Number of protein chains: 4
Amino acid sequence: MVGHAFMGAAHSQAWRVAPHFFDLPVRPVMSVLCGRDTERTAAAAERLGWAESTSDWKSVLERDDVHVVDICTPGDTHAEIAIAALEAGKHVLCEKPMANSVAEAVAMAEAAARAAERGVRAMVGFSYRRVPALSLARDLVAQGRLGRIHHVRAQYLQDWIVDPAAPLSWRLDKEKAGSGALGDIGAHIVDATQFILGDTIREVTGTLQTFVSERPLASAHSGLSGTAATGQTGPVTVDDAALFLARFAGGAVGSFEATRFANGRKNALRIEVNGSAGSLAFDLEDMNVLQFFDGTEDPAVAGYRRILVTEPGHPYVDAWWPAGHGLGYEHAFTHQAVDFVRAVAEGTDPAPSFADGLQVQCVLAAVEESAGTRTWQQV
Amino acid sequence: MVGHAFMGAAHSQAWRVAPHFFDLPVRPVMSVLCGRDTERTAAAAERLGWAESTSDWKSVLERDDVHVVDICTPGDTHAEIAIAALEAGKHVLCEKPMANSVAEAVAMAEAAARAAERGVRAMVGFSYRRVPALSLARDLVAQGRLGRIHHVRAQYLQDWIVDPAAPLSWRLDKEKAGSGALGDIGAHIVDATQFILGDTIREVTGTLQTFVSERPLASAHSGLSGTAATGQTGPVTVDDAALFLARFAGGAVGSFEATRFANGRKNALRIEVNGSAGSLAFDLEDMNVLQFFDGTEDPAVAGYRRILVTEPGHPYVDAWWPAGHGLGYEHAFTHQAVDFVRAVAEGTDPAPSFADGLQVQCVLAAVEESAGTRTWQQV
Amino acid sequence: MVGHAFMGAAHSQAWRVAPHFFDLPVRPVMSVLCGRDTERTAAAAERLGWAESTSDWKSVLERDDVHVVDICTPGDTHAEIAIAALEAGKHVLCEKPMANSVAEAVAMAEAAARAAERGVRAMVGFSYRRVPALSLARDLVAQGRLGRIHHVRAQYLQDWIVDPAAPLSWRLDKEKAGSGALGDIGAHIVDATQFILGDTIREVTGTLQTFVSERPLASAHSGLSGTAATGQTGPVTVDDAALFLARFAGGAVGSFEATRFANGRKNALRIEVNGSAGSLAFDLEDMNVLQFFDGTEDPAVAGYRRILVTEPGHPYVDAWWPAGHGLGYEHAFTHQAVDFVRAVAEGTDPAPSFADGLQVQCVLAAVEESAGTRTWQQV
Amino acid sequence: MVGHAFMGAAHSQAWRVAPHFFDLPVRPVMSVLCGRDTERTAAAAERLGWAESTSDWKSVLERDDVHVVDICTPGDTHAEIAIAALEAGKHVLCEKPMANSVAEAVAMAEAAARAAERGVRAMVGFSYRRVPALSLARDLVAQGRLGRIHHVRAQYLQDWIVDPAAPLSWRLDKEKAGSGALGDIGAHIVDATQFILGDTIREVTGTLQTFVSERPLASAHSGLSGTAATGQTGPVTVDDAALFLARFAGGAVGSFEATRFANGRKNALRIEVNGSAGSLAFDLEDMNVLQFFDGTEDPAVAGYRRILVTEPGHPYVDAWWPAGHGLGYEHAFTHQAVDFVRAVAEGTDPAPSFADGLQVQCVLAAVEESAGTRTWQQV
């Protein structure tokens, strides 16, 4: 695994836990953790449960006992590592957003296509697809329970930098992060809605907004919460918020919004889908619930149902606890690891593929483009 | 109409509005308002829209142009007025609780029975039966959508005297009010649950609690909000809260609670019913909604449905606004007036009858008794 | 009053009820109802409580005993009636949307300006401003409780024509209605958000969508629910849904959506506002509630508060019932009537003025324009 | 660890995960799993991640490399194992309910007291205390944010045997389980409310109910979901539901209900506490949320706050994910393991102690007693 911050911890927990709840055809071994700083990586390996650590990820690609490379670094390094790993014959699980530019994403998708011919698999880490409630949402749409889809309404609302005193971090640096709310959390709602609908966004028009353009510099080596102030400030080079309208290939219209300035919303990935036969609503802040309106019911007793997606028959749920016992944030990563391992072992292509990741990247690029031209852009 | 405080205003609004939304066989005329104080009653008549006023309710019973007597006074006067009105051949609508004692209620029920033989009707004002969501709840149970009923869970939570500085009012005086939370709001949940189930409570065990036993005296003639302090205090002679367990004739067990000390709950009449085939939940603070769980559905998509009880097919709703346009507190009084007028005009017995009111009184009396003996009491 | 359908009934209820709950400087008298069809108007006058009726609204303008004209007709007639009434010296309350075109709205605003010089008042019926929870929202923003506003998120979601078999009505006819969801319900969220923020929309980009372009013709004289099918169909000439992004003069970005195809949402006018110091959220389907997040609180106990806007100190509430007793849809019309009567009697300008109505019309026109040009439009 | 069913899996996950998120003074090693059946225990050890397995738990007590015994078996075996383990000098974590009778619980508490003198620790597994929202609830009460406590309202609602065809399991057998809903889930609300209040229940009156008295026998070795029907039925010897009223030593009154027949409620442990200064509400089906009403706020903006208990400052949360990323059911077990390990390492007494477990047992026994005598019982 490369990277050991927030995502590194989530992925480690997934690898650790998956084999104890799911029947896996092969048992993953947590062998090597890679990071930039030797000492900090060694400490992280100890804490996260990896057998070894190194600051040289390239050397790991030469090892025969490593079969999977899991990339949890900032977006500017994804392309290089992923392509090298695939060429070295390693299966790759890459965090989202897949890349910081369409060009990088194209190169990665091409590398993945070449690798697939040799039986080497690649997958992008849009983990929220594996939240049981969102998997169920996809199933209901696929079963036709919503009919023809008219509307998509998707928001990813956070507030962690609403305070102007919150320091600059790599996530606010265009070089490292590619974009701000758009790529970080906007990417999730693009992927999640396309996944649920089984459809793709065809054109968009949007706008980007940076509310606070200058922020205190944090001292070196401090993480997100490391606020040892230096007295200096630096420019925010990414968007704080991204809003866009979209049209899907299948005829639905969509309204999207990603922001880090929605005061009081901590992690509110909210999706509503309205179809001719029914509707769905989801909020990640209440992640074990899917709201479903069945429009074919007798109007006297019709209403949005609060489905507690914790029944044995629900996606992924049977492996865990009895009905009604909720799952948390990191369980989706465990499901992702399970599906990835199974695909690799069974020789099938895991989803979302790098081609899917590229398509999301194209949507994000079209939003950025439209924000500049102030017109609709084809994806 | 006798009485012109809170209930007087609600009833006046009902008589005023009903004929403009509902087809009524006869059109009610708001002729005379009765009160204790001549001047204040005249002012109230002007404000509430009554043609005349008087401080002598007995004289009204002699008038030929008065056909209905609507009693909105404190409970200690209900029996005398209602019995006299029924004997004078006037149809009677009497606010709840019907009386301050079982003995009074028995006398009233007997008077109503005698009057019914002469075609004179009597009804108790348990208005919440006419909230569309609760009427729908009753319908669903009657249709068997809940199967065999196992559980009733009913609370009426308010907080208007949680502040020990809130003054004594007639509602805290056992002489006037009969009891406290038990008779004032506990009566509502007893009636509402029995109404929804179409069943009666057979035995109870309960406890009463007065948290603040001494309160400031308000100056004379001040109402609920009249807090011109006198510096003196007086004893609270009723319960602040009443809790009891119940067993219904049909086999359900129930848990009941009425309190004026539930900080932050302003008017939370909450009812849940669990049956072998489904469940219901209601909260008066969200009064246009009925939650319904259909236990016969596929577990994959089962969940409590938030039915917005504002569809044209829902009870009483068609007379009002298009779907989705909510009703308020006083609409239930309008529905009550409509049903009462129709019953009188059609020569049928309105419900809840005085016999129903007596039965509720017996439940309340059994709760009080059990609070003293600390054992279960038959109703 | 001119017009006696849905809005006519709502306005009639307002005039009837207002003087019984609010202290008014003058008492309104419901004198003449105007409609196109003599017989049907007479029946409506009887039902709605008007003393007389006529099919000739112009004759009413000549009467000395008529001081106020209340316009509840479809939008294509507003300009003519309102301007004539103002010129005849009558105070005018005009339903929204104020007009079907900017040109008409300009003429009306000019007429209102001229009339104001003579002490004649004009007001547009954006009734939702008078829902207590939205009045409270405005107050909180004005008090600075939200700080600098970053985000507005507004949706008006209905579903009454999601069924392709729902018949054509005047609301689907561009000649009569001007536009579809945009003008009918989109106008409400434009007015409501501008009202709450005390700010105006400066530019927009949007898209319009008609999902069902052909619908059955209903037989003549049938209303919204009159579905006596004729076997013939006709074209839908308005939008079923309107989506747009907006930028406010004060720097906030907004996402707006109005649709009649949100299956299961009956009357969901939903507004969220995020500011640097706090946030608000409202849903008309739960209209007695305002959600408020105070971002200045200790994070350990911060959270969206569900304010039940039924306390005596809340806007308009004191006139009604004790705390916790909810209001319904039509109460906002009563509040509107009260504020209008008071402004007229006191000789002040009621809000929203015809100039405000014109400004909303300009926003709607800019949205339509942007939907054609596919670029941002200045308002 | 002894036992490897539902609780065994939850405890295993806790031991596995705890050291990777929390700084622990010693690192737990998952050495031996004990069960009745050699083969099934070995398979469970493999799946759950234990190094060895055995069907002889007594032999484990003799091992020097085992320092902690974690008891996850049915209640009828707790006393024997726990007492033996404590006498062998092993620290003991024992699942709830601590025992099947007060006599057993007394013996266990005495053994724990003796062990404590030798520095050997004992703790009962009331894991819900460690749900962050409930820990926060306790903190708020302890800080006086609720003032004097008036009301407790606690329900534990499930529905897993509402179907009469659900088979007999050991949980429906009085010999094995001691009681039904009362001991299984009623015990949780007794402990949780006493924990939150920092107070104890002094007297109770209650009733027990078995709705379905005969059920199909499942075939041998089948678990909860093992429904290989045998065609035979057997008697249900425990309660399906338990309801009781309670009085706390500090003056609060309480209403309690535990049931397995609340159709549609899957795992609804709901607690409300009303005090003179504020109120709390919690529902395990939305376990990352605590509702808090601050009664000292300006009434104009007061309301129940939905606190998302996922902020870094909330109990236990800092060890996990960024704000807004929710935890699931099993995280409470991890927190329990962490607190237990720390107490053992630091030589302090973990809570809840065996004395606390005994006190809960006494409350349950008083409820059972009162159900028989139909009168209030002192605890």
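## Helix H1 of chain C

A residue is taken as buried when its relative accessible area is under 20%. By that criterion, in this predicted model, 15 of the 16 residues of H1(C) are buried, so the helix is largely enclosed by the rest of the structure.

Helix H1 of chain C runs over residues 6–21, and at 1.5 Å a residue its 16 residues should span 22 Å, which agrees with the 23 Å that separates its end C-alpha atoms.

Chain D is superposed on chain C by a rotation of 180° with 0.0 Å of shift along the axis, the RMSD being 0.0 Å. The two copies are thus related as by a two-fold rotation axis. Within chain D, the C-alpha nearest this axis belongs to D:Arg305 and lies 1.9 Å from it. The same surface serves both copies, in that 100% of the contact residues of chain D recur in chain C.

## The interface

Contact between the two chains involves 16 residues of chain D and 16 residues of chain C. Together, chain D and chain C bury about 1100 Å², of which 52% is on carbon and sulfur atoms. On the chain D side, the residues that lose the most area to chain C are D:Ala300, D:Val301 and D:Arg305, which together account for 43% of what that side buries.

Two salt bridges are counted between chain D and chain C. C:Arg305 forms a salt bridge with D:Glu297, in which the closest N and O atoms are 2.7 Å apart.

Methods:
Residues numbered from 1 in each chain as written. Chains lettered and ligands numbered in written order. Predicted model: local features only at pLDDT ≥ 70, side-chain atom pairs only at ≥ 80, totals over all residues. Heavy atoms only, no water. Helix = DSSP H or I, 4+ residues; strand = E, 2+ residues; numbered from the N terminus. Expected span 1.5 Å × (residues − 1). Buried < 20%, exposed > 50% of the residue type's maximum accessible area, 1.4 Å probe, protein only. Least-squares fit on C-alpha atoms with pLDDT ≥ 70 in both. Contact = heavy atoms within 4.5 Å. Buried area = accessible area lost by both parts, 1.4 Å probe. Salt bridge = Lys/Arg side-chain N within 4 Å of Asp/Glu carboxyl O.
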